[in-house]
Amino acid sequence: MHLGVSESMRECEYSQISTRSSTPMETPYKKKTSKKRKWEIFPGRNKFYCGGRIMMAKQTGVFYLTLVLILVTCGLFFTFDCPFLALQLTPVIPVIGGVLFLFVLGTLLRTSFSDPGVLPRATPDEAADLERQIDVANGSTGYRPPPRTKEVVINGQTVKLKYCFTCKIFRPPRASHCSLCDNCVDRFDHHCPWVGNCVGKRNYRFFYMFILSLSFLTIFIFAFVITHIILRSHRNGFLNALKDSPASVLEVVVCFFSVWSIVGLSGFHTYLISSNQTTNEDIKGSWSSKRGKDNYNPYSHGNIFTNCCAALCGPLPPSLIDRRGFVQSDTPQLAPPTNGITMYGATQSQQSHMFSMESKPICDQDQCIQSTKFVLQAAATPLLQQQSSEPVILTASPENGGTLPGRSALTLGGPCTSLPLGQPTPPTSTPSLSCHEATDMLPIHGHSHTHNHSHPLQEPVAHHHFLTPEEVPSPPGMLHCGSPMGHSHTMQAGFYNLASQDSLHEDSVRGLVKLSSV
Amino acid sequence: MATEFHNLQELRHNASLVTKVFIQRDYSEGTVCRFQAKFPSELDNRIERTLLGETVRTLNSYYAEAEKIGGQSYLEGCLACATAYIIFLCMETRYEKVLRKISGYIQEQNEKIYAPRGLLITDPIERGMRVLEISVFEDRGSGGSSPSSTMSSGSSAR
């Protein structure tokens with residue numbers, strides 16, 4: 001009886017999770033007491049600061065690296081090189097340097113902290129309405145409906161609008177779903193780990209200004225540090241010059257390596273802006289003439305000048321997600337969503353329910369979410385063990401031997417500057433180019449290729465999602481709850497071995513069959 | 001004016017929601033914000049086609065004005081870039097000004113045209129500019145100023 005009560009309680013919580021996004025931030029208990037702001041219940045995987053005014057992606061480590069690199073290099077420049085240069089040449093040099101530095105910092109912070117153009121998820125009524133329309137159109141009542149697309153003709157070109165299962169909307173043209181942030185972003189360009197945010201409609205111009213001004217700043221510092229060393233070495237000799245200002249060596253090294261990638265990136269984005277394309281479209285070759293004679297970009301305004309002005313000086317749309325607004329709990333709603341969604345949701349709740357029966361009844365929502373995640377991982381393990389090239393949901397990364405959920409594998413798509421050194425970015429793109437291109441629901445083979453171009457600079461990024469499976473602790477009852485983070489990876493690997501012997505394996509296979517048929 | 005507003009409040013609280021009708025975006029001219037001019041069949045006996053068509057057309061023209069790329073937007077963009085975008089902290093952008101105009105227009109339309117017919121238009125900005133949501137109410141209240149009675153008076157006034 002006790003189990004029956006707690007079962008129904010858990011079931012109630014699980015069904016709530018299954019109809020929502022992957023990481024719901026909402027707890028059913030808190031809503032009634034105090035007025036919440038909308039950012040607190042935001043369903044995407046973003047982090048908010050300053051009461052919702054600042055919005056960033058979840059993993060911001062690389063952003064801090066960017067900030068440190070810029071601040072340290074400029075700090076060294078102003079401290080060690082500028083006094084000499086101001087005296088020997090002209091005091092205008094530190095002034096220009098200062099202006100450039102402030103501009104770079106301002107645009108970087110603006111890019112990182114602003115809303116890239118996130119499209120809010122559909123309300124339940126909208127989702128139900130769309131489902132009804134699609135059911136009418138299809139007439140099919142399969143376990144999962146076929147992939148949903150809508151075709152629109154834009155300026156003579158046929159464009160396919162895809163349905164986003166997470167956000168439950170038909171994505172507007174040029175929008176894409178960022179799997180790292182778990183949001184649909186309007187005019188999605190790419191997800192940039194270096195700025196710690198997606199780059200989309202609302203912050204593309206800031207991003208472009210950032211990389212452009214950073215190119216100038218890098219070249220500026222590089223040139224004047226070299227000048228400084230040369231002038232000193234005229235007086236005292238080369239080695240003495242280096243000894244007198246050791247910081248200059250560090251600056252030269254940093255600037256030398258940055259110049260290639262950043263200047264190349266600026267050039268690439270200048271090309272994109274002038275042809276009014278996004279990184280996403282360029283990489284997929286959506287408007288390339290190679291696809292067909294009649295294939296052209298329907299969004300282009302015709303000439304380069306207009307395209308540039310539109311991208312950089314056009315109107316800035318406001319944020320659609322209203323982070324600082326208060327949650328309205330009294331809006332009238334119609335019936336809950338029907339059919340396709342709840343059936344899929346029921347599967348999930350069944351599976352997590354299976355696990356919950358074996359676990360201790362400490363059922364708070366976080367553990368339920370983690371159990372569900374764990375089920376999905378475990379269910380997909382037999383598949384991975386059979387065929388390592390299967391790109392269904394998981395992709396194995398070369399660094400770790402473990403399995404990762406799809407989203408974490410994509411961060412290794414690399415930072416913006418994921419090129420091998422010394423190669424400027426060609427406009428005809430390769431998959432290794434992008435920071436992180438948008439994906440549809442599943443990662444594509446192109447991403448697993450980018451993993452192989454590992455790069456010393458990418459190590460910090462690799463470490464970041466090496467942590468990801470460890471962030472998902474094993475469900476209680478399976479392994480000891482008190483296991484420290486460091487052990488959980490190996491313990492998970494150990495668990496996978498056990499799974500093959502358990503009846504759990506049968507359950508996970510059953511679960512996998514359901515998932516794969518979905 | 002006071003009675004009309006009174007109707008709107010009463011509509012929200014007394015009347016029960018029957019259904020919501022969504023007018024989707026029209027992407028045939030690109031990514032500019034436009035709503036489809038197609039008249040939804042569920043509203044056939046609730047409102048005249050011309051009225052709804054007029055509302056949608058006016059909204060579309062407002063959005064086109066907000067997103068227009070021309071002299072003023074360039075000036076605003078260049079000024080903002082020159083001040084390292086700090087000016088956005090003080091100044092309201094043209095887009096935001098037009099959005100305020102749109103909210104006012106929708107409020108006015110609701111009061112004058114839609115509430116008397118038991119309908120309510122939600123500002124698209126609250127739905128992420130994806131849809132134009134029209135809530136269809138059916139009044140169950142026994143109060144004097146019920147939408148059904150005003151609807152009949154509205155139709156008789158025609």
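A salt bridge is counted here when a side-chain nitrogen of Lys or Arg lies within 4 Å of a carboxyl oxygen of Asp or Glu. By this rule, the whole structure holds 17 salt bridges over all chains. The structure is a predicted model, in which local features need pLDDT of at least 70 and side-chain atom pairs count only at pLDDT 80 or more, while totals for chains, interfaces and linings use all residues. Residues are numbered from 1 along each chain as its sequence is written, chains are lettered from A and ligands numbered from 1 in the order in which they are written, and side-chain values use heavy atoms, with hydrogens and water left out.

Of the 158 residues in chain B, 47% are buried; buried means under 20% relative accessible area, exposed over 50%, and partly exposed in between (1.4 Å probe, protein chains only). Contacts are heavy atoms within 4.5 Å, and among those in chain B between residues at least 6 apart in sequence, 65% join residues at least 24 apart. Chain B exposes about 8000 Å², with carbon and sulfur atoms supplying 54% of it; accessible areas come from the Shrake-Rupley method with a 1.4 Å probe, and for residues only the protein chains shown count as cover.

One salt bridge within chain B pairs Glu48(B) with Arg117(B) at 3.2 Å, N to O. Glu48(B) sits in the loop between E1 and helix H2 (49-66), and Arg117(B) in the loop between helix H5 (94-114) and strand E2 (119-122), so the pair ties together parts of chain B that are 69 residues apart in sequence. Glu48(B) is partly exposed at 22% relative accessible area, whereas Arg117(B), at 19%, counts as buried.

Attention now turns to the interface. Chain A and chain B bury about 2900 Å² between them, 68% of it on carbon and sulfur atoms; buried area is the accessible area (1.4 Å probe) that two parts lose on being put together, summed over both. The contact draws 37 residues from chain A and 33 residues from chain B. Two salt bridges are found across this interface. In one, Arg130(B) pairs with Glu126(A), the closest N and O atoms being 2.8 Å apart. Asp125(A) and Lys20(B) also form a salt bridge (2.8 Å, N to O). Asp125(A) belongs to helix H4 of chain A and Lys20(B) to strand E1 (residues 16-24) of chain B, so this pair joins two chains. Both partners are buried, Asp125(A) with a relative accessible area of 4% and Lys20(B) with 8%. A network of salt bridges links Asp125(A), Lys20(B), Arg127(B) and Glu133(B).

Within chain A, the side chains of Arg232(A) and Asp244(A) meet in a salt bridge at 3.9 Å, N to O. Arg232(A) lies in helix H5 and Asp244(A) in helix H6 (residues 238-244), so the pair ties together parts of chain A that are twelve residues apart in sequence. Asp244(A) is partly exposed, with a relative accessible area of 43%.

Conventions
Helix = DSSP H or I, 4+ residues; strand = E, 2+ residues; numbered from the N terminus.
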